[in-house]
Amino acid sequence: MLFRINLEPRQSATRITGKRLGDFGLNERGLQDILFSSLDRLLPDEELLLIGQSQIGKEEPDLLAIDKQGKLYIFEIKIWEAKSENLLQALRYGQIFGIYDYEQLNHLFQRFDSRNRSMDEAHMAAFDVTLEKDHFNRGQVFVILTNGIDYQTRRAIQYWRFSGLMFGHGCIVCIRTRMVPS
């Protein structure tokens with residue numbers, strides 16, 4: 001639920017109705033492109049270095065990023081309400097990319113880096129820390145951006161959190177997004 005907060009002339013809150021991406025002339029790929037070019041400004045607390053964006057027709061997550069410790073973030077974007085298949089798709093990407101070593105991740109990174117740097121050079125520049133190459137991709141975080149989550153998926157996430165899956169090397173984060181007019 002979104003609210004517009006008014007502080008003047010008297011304090012009040014008004015509920016705001018969100019809009020669908022299509023109302024802005026965007027599709028899922030359009031949102032992915034926006035996130036790829038501006039994720040560092042949207043999630044500054046996470047301090048992520050983007051290393052890849054999916055190519056049409058390939059089995060790849062929408063976005064891939066690395067944090068300061070070398071943990072791999074796997075982003076899956078859905079413009080509709082998430083279903084269990086979306087979690088399975090993200091976990092499938094974890095299965096595929098979880099075995100990637102530094103050289104494989106670096107190859108992905110260099111497809112998108114316009115400055116012809118290696119991933120460890122870019123990581124050093126972004127975080128001012130040097131990581132051994134075997135420290136890249138030691139853990140994963142699954143981020144699913146969606147316009148809602150179905151009941152069974154919410155129950156599964158609650159169970160996994162209760163069971164400790166959320167606090168191990170991997171983590172599943174579902175973020176409900178809703179576009180609002182500016």
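## Getting started

The model is predicted, so some limits apply: local features need pLDDT of at least 70, side-chain atom pairs count only at pLDDT 80 or more, and totals for chains, interfaces and linings use all residues. Residues are numbered from 1 along each chain as its sequence is written, and side-chain values use heavy atoms, with hydrogens and water left out.

The chain has five helices and seven strands, where helices (H or I, at least four residues) and strands (E, at least two) are DSSP runs numbered from the N terminus. Along the sequence they follow the pattern β-β-α-β-β-β-α-α-α-β-α-β. Of the 182 residues, 40% count as buried; buried means under 20% relative accessible area, exposed over 50%, and partly exposed in between (1.4 Å probe, protein chains only).

Two strands pair if DSSP finds at least two bridges between them. Leu 50 stands opposite Ala 65 in β4, Gly 52 stands opposite Leu 64, and Leu 64 stands opposite Ile 74 in β5. In the hairpin of β4 and β5, with five residues between the strands, Gly 70 takes a positive phi near 95°.

In a regular strand the side chains alternate between the two faces of the sheet. Both faces of β4 are covered: Leu 63 and Ala 65 are buried on one side, and Leu 64 and Ile 66 on the other. As for β3, five of its five residues are buried.

In soluble globular proteins, nonpolar side chains tend to be buried together. A nonpolar core is a set of buried Ala, Val, Leu, Ile, Met, Phe, Trp, Tyr and Cys residues joined through side-chain atoms within 4.5 Å. The largest one here has 23 residues, and those with the most contacts inside it include Ile 51, Leu 64, Leu 72 and Phe 97. Among the elements that give it two or more residues are β3, β4 (63-66) and β5 (72-77), while α2 gives the most, with five residues.

Leaving aside neighbours within four places in sequence, Leu 72 is in contact (heavy atoms within 4.5 Å) with residues including Ile 51, Leu 64, Phe 97 and Asn 137. A second, separate core of 12 residues includes Leu 31, Leu 50, Leu 63 and Ala 65.

## One cavity

A search of the whole structure finds one cavity of 30 Å³ or more. On a 1 Å grid over the protein atoms alone, a cavity is a set of points where a 1.4 Å probe fits but cannot get out, and lining residues have an atom within 4 Å of a point. Grid points are joined across faces, edges and corners, and a volume is the space filled by probe spheres set on the points. The lining includes Gly 52, Leu 64, Phe 97 and Arg 111. The elements that give two or more residues to this lining are β3 (49-53) and α3 (102-112).

## Two asparagines with positive phi

Most residues other than glycine have a negative phi. Asn 116, in the loop between α3 and α4, has a positive phi near 55°. This residue is exposed, with a relative accessible area of 70%. Asn 137, in the loop between α4 and β6, has a positive phi of about 70°, but Asn 137 is buried, with a relative accessible area of 8%.

Note on methods: 1 Å grid on protein atoms, 1.4 Å probe; cavity = no way out; pocket = protein on both sides within 12 Å on 5 of 7 lines; lining within 4 Å.
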